Amino acid sequence: MIARIVPPRPGITFDTGALIALERRRHGIRKVYAGAMAAGFPITIPTVVVTEWWRAGHREKERLVVLRSVRLEPLFEHVARLAGVALGLTRGAGAIDAIVMASASLRGDTVYTSDMVDLVALQRAVRGFAGVQIVQC
């Protein structure tokens, strides 16, 4: 029997700004998060985003609850290379922004962010990012 590879269904990707907004209990992103959880809709967080967001101490338990409820995506080589290409074509965007867009583009995800300027610049520079919907949170 030949195994059939089924690509993951499109979902949601959170960047650092979305996680901070969720942590600060911003109404809009909490609705998105709760709705996705209730519907079983996948939320992906690239692990590099956790580096920017995670801090020990205050609210650490709440952060852990969020991390346990989402799909954490390690940085794979093909995503890193795509992000590197994007950085070479875009001024001002950071590596984590490029990784978020590269990751989301491969799944067809919607990205929730507080950094519209850099993500839109990346989207305009990389044809493969055109299908990514970017939503301000």
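The side chains of Asp 109 and Arg 107 are joined by a polar contact of 2.9 Å. A polar contact is a pair of N or O atoms within 3.5 Å; within protein, one must be able to donate a hydrogen and the other to accept it, and residues adjacent in sequence count only if both atoms are side-chain atoms. The model is predicted: local features need pLDDT of at least 70, side-chain atom pairs count only at pLDDT 80 or more, and totals for chains, interfaces and linings use all residues. Residues are numbered from 1 along each chain as its sequence is written, and side-chain values use heavy atoms, leaving out hydrogens and water.

**Asp 109**
- Asp 109 sits in the loop between helix H6 (95-107) and strand E4 (110-113). Helices (H or I, at least four residues) and strands (E, at least two) are DSSP runs, numbered from the N terminus.
- Asp 109 counts as buried because its relative accessibility is 0%. Buried means under 20% relative accessible area, exposed over 50%, partly exposed in between (1.4 Å probe, protein chains only).

**Aromatic pairs**
- There are two aromatic pairs. Rings of Phe, Tyr and Trp (its six-membered ring) pair if their centres lie within 6.5 Å; planes under 30 degrees apart are stacked, over 60 edge-to-face, and the rest tilted.
- Phe 14 and Tyr 112 form an edge-to-face pair, because their ring centres are 6.1 Å apart and their planes stand at 85 degrees.
- This pair links distant parts of the chain: Phe 14 is in strand E1 (residues 12-14) and Tyr 112 in strand E4, 98 residues apart.
- Phe 14 is buried at 0% relative accessibility, and Tyr 112 is buried at 15%.
- Trp 53 and Trp 54 have ring centres 6.1 Å apart and planes at 80 degrees, so this pair is edge-to-face.
- Trp 53 is buried at 4% relative accessibility, whereas Trp 54 is partly exposed at 25%.
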